[in-house]
Every structure is written in C-alpha cells, then in structure tokens.
Amino acid sequence: MKDKKSINIWVGGLAGFILSTLLVTVGFWRTILIIVVTLLAGWIGYLLEAYNVDLSIVSKIFTRKN
C-alpha cells in the first residue's frame, strides 16, 4: 500500500509542477483552456475505445500513395 501512496505523491507533484509552469508561462485562462481541451480529448478517446470505433479508414485517407 505504501508503494501506491508514493506513486500518487509523485503523480500529484508532477501535475502540480506542470500546472504551475503553465500558469506562469501562458496565463490563467489559457491554462484552463488547455485543461478543458485535454479532458475533452481524453473523454473522446475513452468513448472511441469503449465503443470499439475503428479509425483505420482515417489513417488510410492521410497516408501517402507513391
């Protein structure tokens, strides 16, 4: 149980460091925008995985045909 707690401490510390760096460099509102876009992309990725959506067609559209 101690290992899980130490991992949570490291993840929380890293998240705090990234958040503070974003706040200082880009400002409050842009940091909020970055967080919202990241959560939205994660949620969309979760839904795509949950419903077994195959996106190989999209990759075929953008691959080069030489």
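**The nonpolar patch and helix H2**

Biologist: Which helices each supply at least two residues of the nonpolar patch?
Modeller: This is a predicted model, in which local features need pLDDT of at least 70 and side-chain atom pairs count only at pLDDT 80 or more, while totals for chains, interfaces and linings use all residues. Residues are numbered from 1 along each chain as its sequence is written, and side-chain values use heavy atoms, leaving out hydrogens and water. Helices are DSSP runs (H or I, at least four residues), numbered from the N terminus. At least two patch residues come from each of helix H1 (2-26) and helix H2 (28-50).

Biologist: What is the area of the nonpolar surface patch?
Modeller: Patch residues have over 30% relative accessible area and no salt bridge, with like charges joined within 9 Å and nonpolar side chains (Val, Leu, Ile, Met, Phe, Trp, Tyr) within 5 Å. A salt bridge is a side-chain nitrogen of Lys or Arg within 4 Å of a carboxyl oxygen of Asp or Glu; areas come from the Shrake-Rupley method with a 1.4 Å probe, and for residues only the protein chains shown count as cover. Leu19, Leu23, Phe28, Trp29, Ile32, Ile35, Val36 and Leu39 make a patch of about 780 Å².

Biologist: Which helix gives the largest share of the nonpolar patch?
Modeller: Ile35 lies in helix H2 and is one of the patch residues. The largest share, six residues, comes from H2.

Biologist: How far apart are the end C-alpha atoms of H2?
Modeller: The expected span of a helix is 1.5 Å times one less than its number of residues. For the 23 residues of H2 that gives 33 Å, and the model agrees, because the end C-alpha atoms are separated by 33 Å.

Biologist: Is Thr31 buried or exposed?
Modeller: Buried means under 20% relative accessible area, exposed over 50%, and partly exposed in between. Thr31 lies in helix H2. With a relative accessible area of 1%, Thr31 is therefore buried.

Biologist: Which residue's backbone oxygen lies 3.3 Å from a polar atom of the side chain of Thr31?
Modeller: Thr31 touches Leu19, Leu22, Leu23 and Val26 (heavy atoms within 4.5 Å), not counting residues up to four places away in sequence. At 3.3 Å from a polar atom of the Thr31 side chain is the backbone oxygen of Leu22.

Conventions. Buried means under 20% relative accessible area, exposed over 50%, partly exposed in between (1.4 Å probe, protein chains only). A polar contact is a pair of N or O atoms within 3.5 Å; within protein, one must be able to donate a hydrogen and the other to accept it, and residues adjacent in sequence count only if both atoms are side-chain atoms.
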